[in-house]
Each structure stands twice: as C-alpha cells, then as structure tokens.
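User: Please take a close look at how the chains pack against one another in this model. I would like the contact surfaces described, along with the surroundings of some individual residues.

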Amino acid sequence: MQPLIDAIESLLSSSLNITALAVLSLFCLLFVVFTGRAKRGRRFPVRAIPAYKSIHQLVSRSLESGQPIHVGMGSGRVGTEAMSEALMGLTVFDYVARHAAAYDQAVLGTTADGTILSAAQGVLQRAREEAGFAERYAGNELRFYGPDPLVYAAGTAGAITRDQHLANILVGRFGHEGLWIGEAAQGQDMVQLGGAAAPGAIALMQATLDECVIGEEVFAAGAYLHRRSHLGSLATQDTMRILAILAIIASVVMASLGYLG
Amino acid sequence: MLETPANLLATLPPNTLQIAGTWVAALLTLATLSYVFGGNPAFRLAEHLLVGIAAGYAAALAWNQMLWPRLQLLVAEPATYWYYGVFFVLGLLLLCRGSKSVSVLGNLPLGVLFGTGAALALGGGLTGTFIPQIRASVLSVNPADYGEGSLGWAYVIDPIIVVAGTIAALTAFHFGARTDGRLRALWRGLVRAVGGVGRGLITICFGALFASAALSFFAILNSRLVFLLRDWLKLLYTGRP
Amino acid sequence: MIVCAACNHRNPSDALVCEACGGSLEHFVYRACPSCGALNPAENVFCHRCFDDLVPGSAETIVEASDIPVESFVPSEPSVTDREEAVREAAAPTVGERPTSDLTLEADAEVATTAEVVSEETEPGPLAEPQQLVGEPIERLEAAPSEPEAPMQPSELIPEAEEDVLEGLEGLVPIAAAATQAHAFALPVPPSVSETEQHDAELFHSIASERGPLRDAARVVIPRRARLLSRRGRALLYLLVLLAALTPVFTGDRTSLLLRPRDSVTSLARDIQSLPTGSAVLISFDYGPAYAGEVDPLALAVGRHLAASQVRVVAMSTDPGGVGLAEHLYRTIAGEMPDYRYGESYAILGYLPGPEAGLRTLCTSLGKAFKVDYVQRRTLSELPVMKDLTSVQDFDQVIVFADDSRSVRSWIEQVQSQCNFSLHALVTAAIEPMLLPYQQSGQLSTLIAAAHSAGEYEKASGMEEPSLHWTDAYGAFCLVLLVTAIATNVAYLRTRARQRSHGQ
Amino acid sequence: MKKILPMAAAILCGLFVLTDFFVPHPSIGAVAAVLVEGATILAAFALFLGVVNLLSVHGRRVAREARGRGLGVVLIASLLATLAIGVALPGSAALNWVFDYVYYPLQATMAALLAFFVVSAAYRAFRVRTAQAAIMLVSSLLVIATQLPFGQAISPYLPIARDWILTVPVTAGMRGIVLGTALGTMATALRILLTVDRPYV
C-alpha cells in the first residue's frame with residue numbers, strides 16, 4: 001500500500017506531470033471515441049495528399065507492369081522514440097507488399113535497422129502466406145544496409161539502381177540520407193516519393209523527390225492508404241490541434257494582460 | 001589465430017602502417033569522389049566495402065559494448081542480473097525471424113520492442129515536445145512588456161510573428177475537410193487561409209534549413225580535400241603533422 | 001470471403017468493415033479461396049494457387065457458357081448497353097437462378113457506393129481520390145464483377161453466328177488421304193511489293209516490335225517532368241562545386257584575414273580561458289564519422305585550447321562512432337604535447353548507448369554509466385584524472401559536439417534539467433537552426449555552428465594555426481548556389497518562352 | 001496464444017514505461033529502465049539479424065549471379081574480417097587502423113558527396129514555378145548570404161539578420177512542424193498501446 005501512496009504523493013507534487021496526465025487522458029478519450037466511430041464506418045472527410053494518391057496509383061501500375069516498387073523504411077529503431085516514424089514506413093511497406101503478394105509479384109524493402117527488418121520480415125511473410133505463395137517468401141526482398149544512415153543511403157541507392165524499379169518510396173525516419181538516395185537515383189528516371197518528420201531531413205527531401213509528405217502527414221499514411229481505423233487518430237489529432245491553438249491563444253492573452261508569470 | 005598477424009603488425013615501424021593507411025584512405029576517398037562523374041566500378045567497390053565494414057564494425061561494437069559485458073554480469077551474478085537472461089532469451093527468439101519456419105517466435109520480442117517504443121514515443125512526445133513547445137509559444141504580445149513607447153511596439157513584432165506563425169504552421173497540417181453546411185464551409189475557408197500562411201512559413205523554414213545543410217555538406221567536402229591535399233599529397237603548408 | 005488487411009479476420013463477402021477489428025475492407029478487396037485459403041485479387045475467377053473457382057457457381061457459368069455455341073443461342077437484347085446488365089441477361093437464361101452471384105454483385109455495388117459516400121466532396125476528396133484511382137484496377141473491375149465476366153466473351157462473339165456455320169461440313173475434306181499424300185502444291189508466288197509498301201511494312205514492324213520504355217507506366221502517375229538537368233549540366237554543376245572547394249589553393253585564402261570571431265565563439269573561448277588549472281570539463285563526442293569532417297577541426301581547436309589551459313578533460317560519446325573519433329583526436333593532441341598523458345590529463349570513458357536513459361544516469365553516477373574506461377579498461381576510480389569527479393555536476397563545463405539535434409535535446413532535457421551546469425553545444429551547421437530556440441531560452445550557454453568556426457575559435461583563443469581556413473571556398477560556394485539559382489530560372493524562362501511560341 | 005502473448009507483452013511493457021513518465025517512483029523507474037535497456041539489448045540482437053540478412057543476400061548474389069560477383073565477395077569478406085577483428089581484438093591497433101583509414105574516409109567522403117547533391121537538388125528546388133519555390137529561393141539565399149564566414153567583416157548586421165530570420169519566422173514554422181509531429185507521434189504510439197495497430201503479430 002505504501003508504494004502506492006508514495007506514487008500518488010509524488011504524482012501530486014509535480015505540476016508538469018499533472019498537466020501532462022490531463023492532456024494524455026483527454027487524448028486517450030478522444031482517441032477511443034473517434035477510433036470507435038471510424039471503425040463503425042462513420043465518415044470523416046480529409047483533405048487530399050497528392051503523394052498518397054500517387055502511391056495508390058503506383059501500386060496499381062506496378063502490378064500491371066510487373067516492375068517492383070522499392071520502399072525505403074529508413075533508420076528509425078523500434079523500441080526507442082523513433083518508433084512512430086519507423087512504423088509508418090512499415091505501414092507503407094505493408095500496403096505495397098500485400099498488393100504485390102496477391103498478384104505474386106516482387107517488392108523491395110530496405111532498412112537501416114535490424115528491428116524494422118525483423119518486423120518487415122513478418123509483414124512480408126504474412127502477405128505471401130495469405131496470398132497462398134508462402135514458398136515465394138525469400139530473404140532477399142528485404143535488405144539491411146546499415147546501421148549508419150549514409151551507409152544505408154549508399155547501399156540502397158546501389159540496390160535500386162542495379163535493378164529496374166518502378167518507383168522509390170522513402171517513408172520513415174530519414175536524415176540527410178534522404179537527399180543522398182534521391183539524388184543518386186535521380187538519373188534513373190524513376191518516380192520518387194517520400195516523407196519524413198524531422199524538419200532538417202524534409203527540407204532536403206522535398207527538394208529532390210517528386211512528391212513529398214511533410215511532418216505530421218507522414219503519420220497519416222495508414223489512414224490514407226488502407227487502414228480505415230487510422231482515420232480515428234486523424235480526427236483526434238485535429239481536435240487536439242484545435243485545443244492546443246485555443247490554449248496558446250488563451251495563454252498569450254493572459255500573459256499579455258499580466259496574469260501569467 | 002588473429003594474434004599472429006597482429007603481432008606481426010606491431011613489429012613494423014609505426015610509420016609504415018600510417019603511410020600505408022594514408023594511401024588506402026586517399027585511394028578510397030578518390031574512388032568515392034569519382035561518383036561525381038557517374039557510377040563506375042571504383043565507386044561500386046568503395047560502396048560495397050563501406051556496407052560490409054559498417055555492418056561488421058557495428059556488430060562488433062554491439063557485441064563488445066552491449067552483449068558481452070552484460071553476459072558476463074549475468075554469469076557472475078545471476079540473482080541480481082536475471083533480467084538480462086530474459087532479454088537474451090528474447091533476443092534469441094528475435095533471431096528466429098531469419099528462418100521461415102520459426103519466424104513466429106520473433107513476435108514476442110517484437111511485441112516488447114513495439115510496446116516500449118510506443119510508450120517512449122508517447123511520453124517523450126507529450127512531456128518532451130508537445131507541452132514544452134506550447135509553453136514556449138506563450139509569449140506576451142503586450143508592447144508595454146518590451147519597452148517604453150514606440151520601442152515596445154518595435155520589439156513586440158517578433159513575439160507576435162512567433163505566436164501567430166506557430167498557430168498558422170500548425171493549422172497547415174489540419175486533415176479534416178468537411179464542407180457540408182455554411183458554417184462548416186466558413187470554417188474550412190478559415191483553416192485553408194491560415195494554413196496557407198503556415199505553409200509559407202514552413203517553406204521559409206525549409207529554405208533556411210536547406211541553406212544551413214548545404215553549408216554543412218560543403219564543410220565536409222572541404223575536410224576531404226584538406227585530407228587529400230595536405231595529408232596525402234603534402235601540397236599545402238602543414239603547420240603540424 | 002474478404003480478408004481484413006489489418007487483422008486477417010476472414011469476413012463474409014458482403015462485409016464492408018471487418019467484423020473483428022472494424023477496419024475498412026474497402027481498399028483491400030481480395031478474396032480468400034474457399035478450398036486452399038489463398039488470397040486472390042478481387043477480379044480473379046479462379047484461385048491462382050489451386051485453380052479452384054473462387055466464387056461458387058462461376059465454374060458452372062463458364063462450362064455452360066462454353067456450351068452456348070453448340071446449342072442454338074438466343075441473342076440477348078441488342079439494345080442493352082450496360083456491361084453489367086448484358087452479363088446478367090446473358091447469364092440468366094442459361095444459368096438460371098444464381099443467388100450467390102447476385103449477392104456478390106450487390107455487395108460489390110455497395111462497396112462502390114460507400115466509397116463514393118466518402119468521396120463526395122467539393123474538393124478532390126480524402127479517401128476519395130484513392131478510391132477512384134486504385135478503384136481503377138481493383139474495385140471498378142469488381143463493381144463489374146469478375147464472376148460473370150467469362151460468359152461475356154462468348155455472348156459478345158456469338159450473336160452474329162446465329163447458326164453453326166460448320167454444320168454439314170464434316171467429311172467434306174478427306175483429311176486422312178490429304179495427310180498421307182505428298183503435297184502437290186508449289187508455294188504461292190509472293191505478290192510483287194512496291195517500295196512504299198515495303199517501307200510501310202517495315203515501319204509497322206518496327207513500331208509493333210518496339211519495346212516501350214518501361215517506366216512510362218510510372219510516369220502516367222506523375223507526369224514526366226522535362227528533365228531539368230541533363231547529364232552534362234549536372235557534371236558542370238558538380239565541377240563548379242569542386243572548383244569552389246579548391247578556390248583557396250589558387251587564391252591563397254585571402255578572405256581569411258577578414259575572419260572575425262562571432263560573439264558566441266569569443267564567449268566560449270573566454271569561458272575556457274577563465275577556467276583555473278586543474279578544473280574539469282566533460283566533452284561528449286556525439287557525432288559520427290560522416291560529419292567528422294565538419295566538427296573535427298573545431299573539436300581539435302577546443303581540445304588544444306583546453307590542453308594548453310591545463311584543464312582535465314573527460315570524453316565520452318552517445319554515438320557508436322564518436323569514441324573512435326575522440327580517441328583519434330586525442331592521439332593527435334597528445335602527440336603534439338608530450339606532457340599530455342592519458343589517465344592523468346584526459347580520459348575517454350567510452351560509448352553510452354540508449355541516449356535518453358543512458359544520459360539520465362550521468363546525473364547520479366558516472367561509474368554506473370561507464371563500468372570501465374575505453375582505452376585502458378580500468379575502473380574509473382583508478383584513473384587519476386577522475387579524482388573528485390563522480391557525477392556530471394562535478395564538472396565545471398560540459399561541451400557537446402553533435403551532428404544530431406536529438407542528442408543535444410536529450411542533454412538538455414534529461415541531464416541539464418535535472419542537474420544544473422552550463423552546457424555548450426558545438427554542432428553541425430545543418431542542425432544549428434533547430435537548436436537556436438534553446439540558446440534563446442538560456443538552456444544552452446553557447447551554440448556554435450561548426451562549419452567554418454575552427455578558424456574563428458583559433459583567433460579568439462589566440463592559438464592560431466598556420467593553415468588555410470578555407471574561407472574563400474565558402475564564398476565561392478555561395479556564388480555557385482547563386483549561379484545555380486539564376487541558371488535554373490533562366491532555363492525555365494527559356495523553355496516557357498519556347499513553349500509559348502510553339503503554342504502560337 | 002500466438003497473438004495474445006506478444007500483445008500482452010506490448011501492452012504491459014508500454015504501461016510500465018509510460019507510467020514512469022508520469023509517476024516518478026523509484027520502483028517503477030527501475031522496471032522502466034530495465035525495459036529501456038532491454039530494448040537496446042534486443043536492438044543489438046536485431047543488428048545481428050541484419051548482418052545475417054546482408055550475408056545471405058550477397059551470398060546468394062555471389063552464388064547465382066555472374067554480375068557483381070566480385071563486389072559481393074568484397075562485401076562479405078570485409079564484413080567478416082571487420083567483425084572478426086572487432087570481436088577478437090576490441091580496441092586494438094588493427095581495429096583502429098580499419099576505423100581511421102578505411103571506415104572513416106569512406107563514410108566522410110560519402111557525406112562529402114552531399115555537397116554536390118545539394119547543388120543539383122537546388123537546381124530543381126530553386127526553379128520559381130510556384131509561390132512556394134519563390135519563398136524557398138529567397139529564404140535560402142538570404143541565409144546563405146548571411147552566414148558567410150567573412151560576413152561580419154562586410155557588415156556587422158549580417159549575423160544579426162541571420163539570427164533574426166532563424167529565431168523568428170523559422171522558429172515559428174519549425175515549432176508548427178514539431179507540434180504537429182508530436183501529435184502524430186502520440187497518435188501512432190496510442191494505436192500500438194491500444195492494439196489498434198499490431199505490426200508485430
């Protein structure tokens with residue numbers, strides 16, 4: 001009992017944690033409500049993001065032409081803070097791989113981290129099994145180059161330029177290597193799409209890629225591609241965004257009037 | 001087995017290795033830089049060498065720094081460090097991903113990784129970024145707080161730009177696009193207008209980051225040329241070795 | 001059966017959302033084979049694995065359809081234009097009641113309508129766009145269900161042959177006799193071909209057998225931009241960059257005389273200068289070999305200054321490659337100053353994995369974070385340099401060299417917020433803008449972009465090295481970027497002018 | 001069982017680590033620290049999985065393809081040699097030599113290539129086709145011009161102008177991106193913790 005009381009006491013003693021906990025509870029509540037609604041098929045219209053539209057089209061074209069798509073999942077590591085970005089790369093790969101598997105076609109995924117590699121191996125194997133071609137799951141459709149970002153860039157640029165690929169999709173945690181891959185594959189005349197969350201990376205990637213998703217848009221990959229339930233999180237994010245803006249405005253007004261510190 | 005060549009190397013005069021190393025490094029630098037003139041066998045060789053060495057070096061480091069010390073602790077004091085044992089078993093399960101038939105066993109460690117990572121991302125995103133950044137954007141826009149008279153008005157422009165800009169840039173990411181009803185259409189128009197301003201600010205931000213990064217890369221290129229000209233060819237004046 | 005992409009639950013073929021997880025079934029319309037369970041694209045009629053029919057009844061449809069020409073076939077209404085309806089009409093008289101197929105048809109129609117519900121929007125919709133596009137290959141085909149597609153072809157071909165044209169022709173040609181006899185015919189003489197015809201034929205052959213560029217498929221999605229930069233143009237740009245970098249070799253780096261230390265550089269040099277002999281500084285080398293070219297010169301300048309001021313230095317790294325760099329750097333400094341010894345004047349503790357959690361332990365105990373040092377593998381208490389240094393608070397200054405803004409933020413959030421000390425961040429130019437807010441808030445005592453600061457630091461600390469600072473090169477590089485900006489816009493204006501004149 | 005066990009592990013680990021953020025209690029902190037350390041141990045194992053993948057992909061290339069066989073051999077040989085030296089002789093002169101004279105120059109030069117790439121990317125990005133491109137061009141050139149090493153000598157206001165651009169409009173834009181990213185990160189993490197997303201089963 002004592003540890004529990006200690007815990008509650010220490011919880012009450014810090015002001016940041018109370019704020020954080022309140023924000024978290026609100027976030028969770030909104031998330032559960034909106035995700036539930038999304039699952040029940042409630043519609044939530046969202047603005048168009050050209051890059052995701054293109055991914056849809058590219059996948060169809062890839063199935064028609066038989067040319068594989070490369071999905072670069074970057075260097076984020078599962079088990080650390082970078083997991084969220086890494087997971088979005090994995091989601092895009094999931095989308096591409098499932099389509100490729102159902103049409104029994106090739107796909108290429110690359111990553112700079114072993115944890116994403118192991119997760120992606122599971123995704124690809126499941127996709128191949130479900131399509132009925134478990135025996136087609138081969139180790140060389142997923143490749144590890146790394147763990148340094150530039151090593152990843154060099155390895156990946158080499159791999160996608162050696163074989164003909166229809167498109168190069170880079171989604172996940174990227175740094176400057178996004179520019180490296182984009183420019184090295186530039187002469188190859190393949191469609192290049194991508195996105196990252198870090199401002200430093202995206203500033204370079206949007207200069208070199210054909211189309212780009214920026215910052216928060218990266219985390220909407222699932223909702224825009226094939227996971228309806230993710231629409232719930234978009235609604236949650238939108239609501240939280242409005243609340244955050246209102247909070248900023250209210251605090252700025254208070255601060256200007258001299259009520260805050 | 002490895003000891004003998006290592007001893008052999010140790011008997012050589014120290015300069016031999018250094019000079020040989022400088023030549024190897026210079027040739028590899030030239031091979032990599034040759035990519036400027038398009039892909040060629042020398043670059044491909046450098047690329048493959050780099051991929052191999054990076055993976056080998058990282059794996060060796062992971063073994064030396066992460067796994068071996070903890071394995072020793074586990075063997076020495078299993079009662080205290082039993083949890084290392086749990087993670088070693090989980091790690092071995094993760095290695096099962098490499099084989100098609102036992103791949104399922106890798107799900108458990110991945111579950112642990114995803115759970116831990118999600119909590120770190122959630123907690124870090126909330127307490128490390130979301131709340132502190134909102135707090136940082138709370139600036140007074142009262143000119144009286146910045147100085148007397150027109151001076152205050154001049155200084156208050158910056159916080160106004162920061163606060164309004166933050167709000168605009170945040171609005172630029174709004175996903176919802178519901179347009180049914182007049183009120184909603186109005187709201188949508190507002191979001192789009194403010195978001196447009198935000199997009200402009202984001203682009204300014206990208207421009208600045210692009211320029212800074214370009215400077216960074218150029219500094220790296222310079223350092224390689226310094227290496228080639230000074231350390232290898234000894235063309236430039238060298239103050240110190 | 002439709003399989004949920006999110007949870008793999010197998011739903012009935014009329015489901016719109018997954019029964020198990022509620023995920024949408026709109027985008028992944030694949031059917032599971034009833035006999036082997038393999039997933040198939042929605043338009044498949046037969047399983048691509050076991051060749052069983054996917055939609056119950058479709059096999060019979062096809063068998064019966066193939067029978068159509070044999071029985072006298074009643075052509076369907078000629079007025080029917082709609083493909084789906086034609087299919088239904090064609091199938092109805094021959095196959096009869098087929099509740100299952102109708103069911104799928106309706107279900108599919110419903111899928112299509114829900115897709116439209118989401119997409120009805122003034123602006124090119126949300127998931128709307130995807131649906132229209134992905135819908136092309138998968139869902140549209142589904143809306144005109146694949147199942148009755150097979151009977152369709154005969155029904156389209158046959159109506160014209162209302163009677164069997166081959167009827168009564170059996171035995172007309174004595175095949176057996178013809179086969180056993182030698183051919184009495186000579187090959188027909190090819191008609192004489194005019195040159196034009198020959199040319200046309202060759203042209204046709206070349207067009208027909210030409211292999212189209214493969215990537216055109218992708219370029220339909222994103223229209224091929226006129227290639228902005230030709231191979232030669234690119235080579236020219238690269239050559240300019242190379243020349244810019246080599247400028248100081250030709251010019252003798254004259255502008256370095258203009259180099260004046262910025263305020264931040266001066267203040268750091270002053271801070272270090274004012275440290276009393278024997279005080280201690282913790283340096284974290286949080287950068288890898290990739291960015292070492294930029295950070296190393298500054299790190300070397302600071303390291304020399306610290307060594308000259310007889311300050312104890314303890315080095316560590318949160319980047320796996322950083323330890324090697326620190327060691328290399330300190331080997332250089334120790335080589336220059338014979339009195340500067342490992343263990344007495346400086347020590348390298350090693351690599352600290354897991355930035356967030358690892359850094360937090362520094363506040364409590366250095367010995368917990370680093371069991372032994374990196375070079376001599378001794379416990380920290382055995383090293384003379386570590387005297388009275390147990391946690392990060394015991395250091396007079398902390399300097400972080402970094403190539404990743406995250407690692408500096410971890411230092412601020414995990415370490416500096418817990419235990420107070422002055423933190424100097426010396427980072428790559430690329431990440432400097434991201435850290436400026438922390439300098440403004442006072443969390444960072446100094447923030448310096450490394451790029452060309454090494455020379456400035458040497459000037460500020462009064463330990464100038466007689467070497468090139470490469471400042472001319474930076475100026476030339478700025479010029480190259482300016483030239484690039486002008487060149488691309490001139491090229492753009494010219495192409496536009498050309499297009500306009502073509503248009504007229 | 002195949003699914004439930006990993007899910008339970010994810011939720012349980014997540015809860016412990018998350019609680020540590022809000023309830024600063026030593027015992028919870030200890031469990032969370034073990035989990036975070038465990039994640040790095042698992043990442044080390046995952047790295048070996050990556051090495052195995054690299055060896056098998058290139059081993060296959062060596063065995064089956066005529067093209068690039070030599071390069072595959074180079075890759076495998078360099079990997080195994082570095083691994084062997086690194087494991088058998090940690091901190092040795094041989095390992096330092098490989099780091100200083102092979103690994104370091106290769107990686108640094110790969111990064112140096114970015115200086116070329118950034119210019120050819122600029123050729124594309126600086127083309128004023130849209131208002132956005134114009135803004136990008138102006139802000140890039142402003143920052144480049146103001147960060148010249150001898151800028152201070154030209155005018156003492158140049159560094160001040162640079163600081164203003166970077167601390168006012170750029171900070172505003174960046175804060176917007178960072179706040180949005182935080183929202184996205186949190187939503188993504190919640191999807192894992194509430195098992196809406198299960199990439200691991």
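Analyst: The account below takes the contact surfaces of one chain in turn, and then turns to single residues.

The model is a predicted one, in which local features need pLDDT of at least 70 and side-chain atom pairs count only at pLDDT 80 or more, whereas totals for chains, interfaces and linings use all residues; side-chain values use heavy atoms, with hydrogens and water left out. Residues are numbered from 1 along each chain as its sequence is written, and chains are lettered from A and ligands numbered from 1 in the order in which they are written.

Between chain D and chain B, the contact (heavy atoms within 4.5 Å) draws 103 residues from chain D and 107 residues from chain B. The two chains bury about 9400 Å² between them, and carbon and sulfur atoms give 84% of that area; buried area here is the accessible area (1.4 Å probe) that two parts lose on being put together, summed over both. Of the area that chain D buries against chain B, 8% comes from Leu42(D), Phe45(D) and Arg175(D), more than from any other three residues.

Two or more residues of the side of chain D that touches chain B come from each of α1 (4-22), α2 (26-64), α3 (69-88), α4 (93-125), α5 (131-146), α7 (157-167) and α8 (169-193) of chain D, where helices (H or I, at least four residues) and strands (E, at least two) are DSSP runs numbered from the N terminus. The largest share, 24 residues, is that of α4(D). By class, this side of chain D holds 81 nonpolar, 18 polar and 4 charged residues; Ala, Val, Leu, Ile, Met, Phe, Trp, Tyr, Cys and Pro count as nonpolar, Asp, Glu, Lys and Arg as charged, and the others, Gly among them, as polar.

Chain B also meets chain A, in a contact that takes 69 residues from chain A and 56 residues from chain B. The area buried between chain A and chain B is about 5200 Å², with 73% of it on carbon and sulfur atoms, and Arg47(A), Arg241(A) and Ile248(A) supply 12% of what chain A buries there, more than any other three residues. This interface has 0 salt bridges, but 16 residue pairs are in polar contact, both residues at pLDDT 80 or more. The elements of chain A that each give at least two residues to the side touching chain B are α2 (15-39), α4 (83-102), α5 (114-130), α6 (149-162), α7 (177-184), α8 (199-208) and α10 (231-256). The largest share of this side, 14 residues, comes from α10(A), and the side as a whole has 40 nonpolar, 19 polar and 10 charged residues.

In α8(A), 9 of the 10 residues are buried, meaning under 20% relative accessible area, with exposed over 50% and partly exposed in between (1.4 Å probe, protein chains only). Ser233(A), which lies in helix α10 of chain A, is likewise buried, at 0% relative accessibility. Apart from neighbours within four places in sequence, Ser233(A) is in contact with Phe31(A), Thr35(A), Ala187(D) and Arg191(D).

Glu47(B) sits in helix α3 (residues 41-76) of chain B. Glu47(B) is buried without a salt bridge, and the nearest side chain of opposite charge, Arg162(A), is 4.0 Å away; Lys and Arg count as positive and Asp and Glu as negative, while His and the chain ends are not counted. Not counting residues up to four places away in sequence, Glu47(B) touches Ala154(A), Gly155(A), Gly158(A), Arg162(A) and Met110(D).

In chain C, Gly321(C) belongs to the loop between β6 (312-317) and α12 (322-336) and is buried, with a relative accessible area of 8%. Leaving aside neighbours within four places in sequence, Gly321(C) is in contact with Tyr287(C), Pro289(C) and Phe99(D).

Notes: Polar contact = N/O pair within 3.5 Å; in protein donor to acceptor, adjacent residues only side chain to side chain.
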